[in-house]
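Reader: I would like to learn how to read the features of a protein model. Please take them one at a time.

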Amino acid sequence: MSSPDPQVRAARNPSSPPASPSPAARGPVVAVTGAATGIGALLTERLAASEEIRQVVAIDERRGECAGAEWHILDVRDPAIAEKLRGADVVVHLALDLDLGSDAAARTAYNVRGTQTVLTAAAAAGVHRVVLCTSAMVYGALPDNELPLSEDAELRATAEATGVADLLEIERLARRAPRAHPGLNVTVVRPALLVGGTDTALTRYFESPRLLVVADSRPAWQFCHVDDLCSALEYAVLEKVDGELAVGCDGWLEQEEVEELSGIRRMELPSAVALGAAARLHRIGLTPSPAGDLAYTMYPWVVSGSRLHSAGWRPRWTNEEVLAELLEEVSGRHTVAGRRLGRKDATAAGAAGATVALLGAAAVVRRARKARRRI
């Protein structure tokens, strides 16, 4: 026979102390936007399985696979989201479009308007904490960056890299929100180069037959596995840490270490040639990556993660392990100057090298322009 419920036992024996509620019963109700795919899906599953979380409210434009969450299907730009957030203690906003193939104007409209709506709706619904996720890219990749950067370092990125303008605007909204909505706490999590089912200009760098190295540059590679990002987000959800948080593997890898570990040889170019060719190719639509993306392969943007470390958080993954996983993920893919190639084109690119292909494409552009001028 099963033992009586604790409340039944207390009723039978009034002198018994009341049973303590479980951690989940005491824990927060957490809403996650962008919960059906990517990091949002991983975090939703993680929180739904946690004994420290009372309930997970999942919000996306389609239903995801997590059966342990309460699902609401809507666009995060819809003001009706305020009603779905009512009763939540924390909102983690992960509904961002950082797809290389997205139209830039539409992407910005979605990212900025979505974040504005979620912050306003959270305040209206009585939510006390919103967790936003941007990127360590907002610090900028600059030759005089300290190694590593502290969380309080100035955000010196420009709008020239893919999606960074959106992330900088989200950072601005995060700083402004507590002033506009007193009582609303906003935590911003900034991961290093994210790996684990991701597709970015920087992960595509490792799909090239040669690693493009700009002469006289000083790359420093720091990765962040999506599992570690999710655990850092959980720390923020449980209020173990707040403020502006950087997250990534401990330390970094020099370019020579990356080449040795990956087995991919370099192709070195003067900066004027590399940046000029990348800008031209992007301008005429041959590549999805603007020239600004190259800066993040040239100069360091390594972060310390000191606030998370002080709170007791540690990454489970090392830079070496994440690089190995990334190389396994991109195996069989072929990219030149950020553009994925078909099997036939990839064979030619492999023989010529990524940079040769880039320069060859730039030469084609120059010849086409000269031909137009002669007409």
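Author: Start with the naming of elements: helices (H or I, at least four residues) and strands (E, at least two) are DSSP runs, numbered from the N terminus. This is a predicted model, in which local features need pLDDT of at least 70 and side-chain atom pairs count only at pLDDT 80 or more, while totals for chains, interfaces and linings use all residues. Residues are numbered from 1 along each chain as its sequence is written, and side-chain values use heavy atoms, with hydrogens and water left out.

Reader: Where is Glu-239 in terms of those elements?

Author: Glu-239 sits in the loop between H8 and strand S11 (244-247). Its phi is near 60 degrees, a positive value in a residue other than glycine.

Reader: Is Glu-239 buried, exposed or partly exposed?

Author: The words have cut-offs: buried means under 20% relative accessible area, exposed over 50%, and partly exposed in between (1.4 Å probe, protein chains only). Glu-239 has a relative accessible area of 43%, so this residue is partly exposed. Asp-216 also has a positive phi, near 65 degrees, and is not a glycine. Asp-216 belongs to the loop between S8 and strand S9 (220-221), and counts as exposed because its relative accessibility is 79%.

Reader: What does Ser-231 touch?

Author: Contact means heavy atoms within 4.5 Å. Not counting residues up to four places away in sequence, Ser-231 touches Arg-46 and Trp-313. Ser-231 lies in helix H8 (residues 226-237), and its relative accessibility is 11%, so it counts as buried.

Reader: Which residues have the most contacts inside the largest nonpolar core?

Author: In soluble globular proteins, nonpolar side chains tend to be buried together. A nonpolar core is a set of buried Ala, Val, Leu, Ile, Met, Phe, Trp, Tyr and Cys residues joined through side-chain atoms within 4.5 Å. Here the largest has 40 residues, and Phe-206, Trp-221, Phe-223, Tyr-296 and Trp-301 have the most contacts inside it. At least two residues of this core come from each of strand S7 (193-195), strand S8 (211-214), helix H10 (271-283) and helix H12 (319-330). H12 gives the most, with five residues. A second, separate core has 35 residues, including Ala-35, Leu-245, Val-247 and Leu-308.

Reader: How many residues line the largest pocket?

Author: On a 1 Å grid over the protein atoms alone, a cavity is a set of points where a 1.4 Å probe fits but cannot get out; a pocket is an open set with protein on both sides within 12 Å along at least five of seven lines, and lining residues have an atom within 4 Å of a point. The largest pocket is lined by 39 residues, and Ile-39, Leu-96, Leu-98, Thr-198 and Thr-200 lie nearest its centre. Helix H3 (38-48), S7 and helix H7 (201-204) each give two or more residues to this lining; H3 gives the most, with four.

Reader: What is the volume of the second largest cavity?

Author: Grid points are joined across faces, edges and corners, and a volume is the space filled by probe spheres set on the points. That of the second largest cavity is about 50 Å³. Its lining consists of Ala-192, Leu-193, Ala-220, Trp-221, Gln-222, Trp-301 and Val-302.

Reader: Which residues does the cis peptide bond join?

Author: The cis bond joins Leu-147 and Pro-148, with omega about -5 degrees. Pro-148 is found in the loop between strand S5 (129-133) and helix H6 (164-180).
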